[in-house]
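Colleague: Could you show me the model, so that we can go through it chain by chain?

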Amino acid sequence: MNYEQSTIEMYRLRLFKDRVFSKVMLVCTLVSVSVVLLIGIGLYLHSVPVLHKLSWGTLITSSIWKPMKGLFGFYPFIMGTLWVTAISIIIALPLCILTAVYITEYAPSRIKKILSPFVNLLSGIPPVIFGVWGVLFIIPLIQSHIAPHFVDFSTGYSVLAGGIVLAVMIFPLIVSIITEVLRTIPQDLRDASSSLGATKWETTKKVVLRKALPGIIAALVLAISRAFGETIAVLMVCGNNAVVPHSVFDPGYPLPALIANNYGDMMSIPLYDSALMFAALLLFIIILLFNIISRVILARLERKLAA
Amino acid sequence: MYQEVLQTESVAAKKTHISVKGLNVQIGSQHILKDINIDIPDKKVTSIIGPSGCGKTTLLKTFNRLLDTSSDVKITGKVLVDGENIYDPGIEVTRIRKKMGLLSQRPCPLPMSIYDNVAYGPRIHGTRKKAVLDELVERQLRATGLWEEVKDRLNASANRLSIGQQQRLCLARGLAVSPEIILGDESTSALDPVSTHIIENLFIKLKEKYSIVLVTHILRQAARISDYIIFVYMGKVIEAGPAEQVLQDPQEELTKQYVKGYIT
Amino acid sequence: MKRRKFEELFFKGLMLLATIIISGSLFLIVGTIFYKGAPYMNLDMITKTPGGGFYIGKEGGILNAIIGSLYIAGGATVLGLAISIPVAIFINMYINGKTFLVNTLRMAYDVLFGIPSIVYGAFGFLIMVCFGLRASLLGGIIAVTLLVIPILVRTLDEVIRTVPSELGDATLSLGATRWETAKVILRQIRPGIFTAILLSFGRAIGDVASVLFTAGFSDNIPTSLHEPAASLPLAIFFQLSSPVAEVQGRGYASALVLTVIVLIITILSEICIRKFYKQKA
């Protein structure tokens, strides 16, 4: 073949490759995105048996949990999840904002270089290790040193323990996101505030944190999602008692722990597997809704703050 | 405008607002400013000119101690403002900064409404009464010619303004804390010619009440509005004097070469 | 003025306290694991599979769990990459004009990222039931792949977005096809890809909920995809639930092994991130 012919042949081959690969990519994308729908549909279909027996309302608001009799009230588990998540966020958020601000605004550069990766190391530690640590350290701490001040008796296995363990788990997530956000705020803004005679803290409080607010909320959302769904660490320290917690020292039984603990019994009791799938569906819906709502709030915030 | 440049008032006869004596600045291992000795005259427009990277902005930042925020900075020497050395260990930094208003290169409105931007400084320094703040905000917005344009939307986000308006807002914000000196770091280089013209005129009007120090790399701008020019090259002050003299009849060789483009 | 200074000092103190608490917890956790686990740590633990009666105190090690976890995490990462790289390229190069589509897709992956691993485990279980699979290595790999894909897509997407558009433009204007340009961009972000691999591998190896229903458990090293596979987190959990003190101690040692593996991976990925950003600067 002469030169022109071979170039044209090669050209056709290249175009063919391009087209093939773009189809492949399209398929990969479609398949992976459709997982969202598939999960929702799959979980729903498997929840149908238990939904036939008890309505949505009963399932969500009833506290009666007697699988042998076919009674499934998820209210205690939903409350357990909410309690543990709330406690973890209340502990983690202020600590993390303060730390992130320290790392970006105040720390001398030597310390900054060590601190940031150091906090990230925490993010790699598997949840089960946190659970182990919780059992070894937090439970005795609560039982012997904290609870006696407040209640008569506590085994230490409580939503407080779950909240503390969860909080430590989500520290690196929140700190790293907020640090990133603070880092992208231009120095000019801080300079402008300083030039007007503001102290460093005033600049941080009134200008930097204000500008970083959307980012902080995004970090919060991510952290809450993670806390909701965490299974093993919480399972090990929460007490796993199907009652609605009334104080932080009460045991709790978050939804993920419920699913994980009863997986073994699932097949032997009628409707139990469907009920557990319903629990998974509940989790899925809560997180989905949460994601969408927070996006809307974020978008509105950004429109208000920016140009 | 050209008339004002031709005024050859001898600077020594007027009051000096800032007096720099033996200033040396080192950032990291680089010796940025070498043995600077200059006087900034009171209530005049002084321009600091020179090629990029030779220390003009660093010099400006030593005036309001903004250099303190950079890491690894060593400063020796004195900067006397109204006779007071601002690098004295006992000095309250925020008070010094309040005396100086800074206008940076890119307008940076604070993330709040137009009203809150101007009121930010006074609020920090203790002014709380709404009536007082209202009057202050209006006064400074009028002084920078923004009032008519924004009076109906004082609560809108400052980011909605055009760049020229934002820079004027930053100027109003800086004036609201009643400074004595205005520092401008290439403050018109991000603006279009019309906005630049407006801001330059503002500087000329403001020198009645404030001393103005501007860093610029645009020789024509220096010629248009300055009374006094300082030429900095490689961290050293090469020449300083009345604007017309430095531009038309420079004494030093380096100055001659730098302003060559302008003269011809 | 005094009040302002006081406020500044007060918050600076709070900040320091918060930082110490957070970085202190890392030390505390790793320290506790080392302290409890080191006494029970010996070579047998990592080179032998459990003998009979391992869970009541007899001999053996956790090699089954180590290998099992490595298989699962490795398989899931490879499979995940095979899907995520095309997706990331697709979003950034092939449809980047259509903003609405791109934003919706990114949001979908963010949602997937937020779905807890137990939901993936439950879903993986459903898939297995659907295809008649039993709890096995394959089941575990499938579930963990689902978990890992959003992590990979998100990381790769972010990394590709840092490549300046000039690179793609230059290649395209030389007459290259989009696929060829993609190959160039992939070469450019090699350290970033490595980071993504490390991140997802670290998550895959430590996660319990996704393998709980799907991988089963076994005292042996799986020799085929259809055999059940042990995983480190589950092994730790079972050992710790045993009433025998000796076994519990070994549970801590297993936790030590897992922690060390994960710390190595995290440190490696930190170094990679540094290299990547230095390369760009």
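Modeller: What follows is a set of questions and answers on the folds and contacts of this model. It is a predicted model, in which local features need pLDDT of at least 70 and side-chain atom pairs count only at pLDDT 80 or more, while totals for chains, interfaces and linings use all residues. Residues are numbered from 1 along each chain as its sequence is written, and chains are lettered from A and ligands numbered from 1 in the order in which they are written.

Colleague: Which pattern does chain A follow along the sequence?

Modeller: Helices (H or I, at least four residues) and strands (E, at least two) are DSSP runs, numbered from the N terminus. Chain A has 11 helices and two strands, and along the sequence their pattern is α-α-β-β-α-α-α-α-α-α-α-α-α.

Colleague: What radius of gyration does chain A have, beside that of a compact globule of 307 residues?

Modeller: The radius is taken over C-alpha atoms, and the globule rule is 2.2 Å times the number of residues to the power 0.38. The C-alpha atoms of chain A fill a box of roughly 85 × 65 × 40 Å along the principal axes. A compact globule of 307 residues would come near 19 Å, whereas chain A has 25 Å.

Colleague: Why does A:Ala100 count as buried?

Modeller: A residue is buried if 20 or more other C-beta atoms, placed from the backbone, lie within 10 Å of its own, exposed if 12 or fewer, and partly exposed in between. A:Ala100 lies in helix α3 (residues 75-106) of chain A, and leaving aside residues up to four places away in sequence, A:Ala100 touches A:Val175, A:Ile178, A:Thr179 and A:Leu182, where contact is taken as C-beta atoms, placed from the backbone, within 7 Å. A:Ala100 counts as buried because its C-beta neighbours inside 10 Å number 29.

Colleague: Against which elements do the buried residues of α7(A) pack?

Modeller: Helix α7 (residues 187-195) of chain A has as its buried residues A:Arg190, A:Ala192, A:Ser193, A:Ser194 and A:Ser195, and the helix is followed by A:Gly197, whose phi is positive, near 95 degrees. Those buried residues pack against α8 (200-229) of chain A together with α3 (93-99), β6 (100-103) and α7 (163-175) of chain B.

Colleague: How do the residues of the side of chain B that touches chain A divide by class, and what is the division?

Modeller: The contact takes 26 residues from chain B and 20 residues from chain A. On the side of chain B, the elements that give two or more residues are α3, β6, α4 (114-124) and α7. Counting Ala, Val, Leu, Ile, Met, Phe, Trp, Tyr, Cys and Pro as nonpolar, Asp, Glu, Lys and Arg as charged, and the others, Gly among them, as polar, this side divides into 10 nonpolar, 11 polar and five charged residues.

Colleague: Which helix gives the largest share of the side of chain C that touches chain A?

Modeller: This contact takes 63 residues from chain C and 67 residues from chain A. The largest share of the side of chain C, 19 residues, comes from helix α1 (residues 2-37) of chain C.

Colleague: In β9(B), which residue is the bridge partner of B:Thr46?

Modeller: Five of the five residues of strand β3 (residues 45-49) of chain B are buried, so the strand is largely enclosed by the rest of the structure. Strands pair if DSSP finds at least two bridges between them, and β3(B) pairs in the parallel sense over four bridges with strand β9 (residues 228-233) of chain B. There the bridge partner of B:Thr46 is B:Tyr228.

Technical notes: Two residues are in contact if their C-beta atoms, placed from the backbone, lie within 7 Å.
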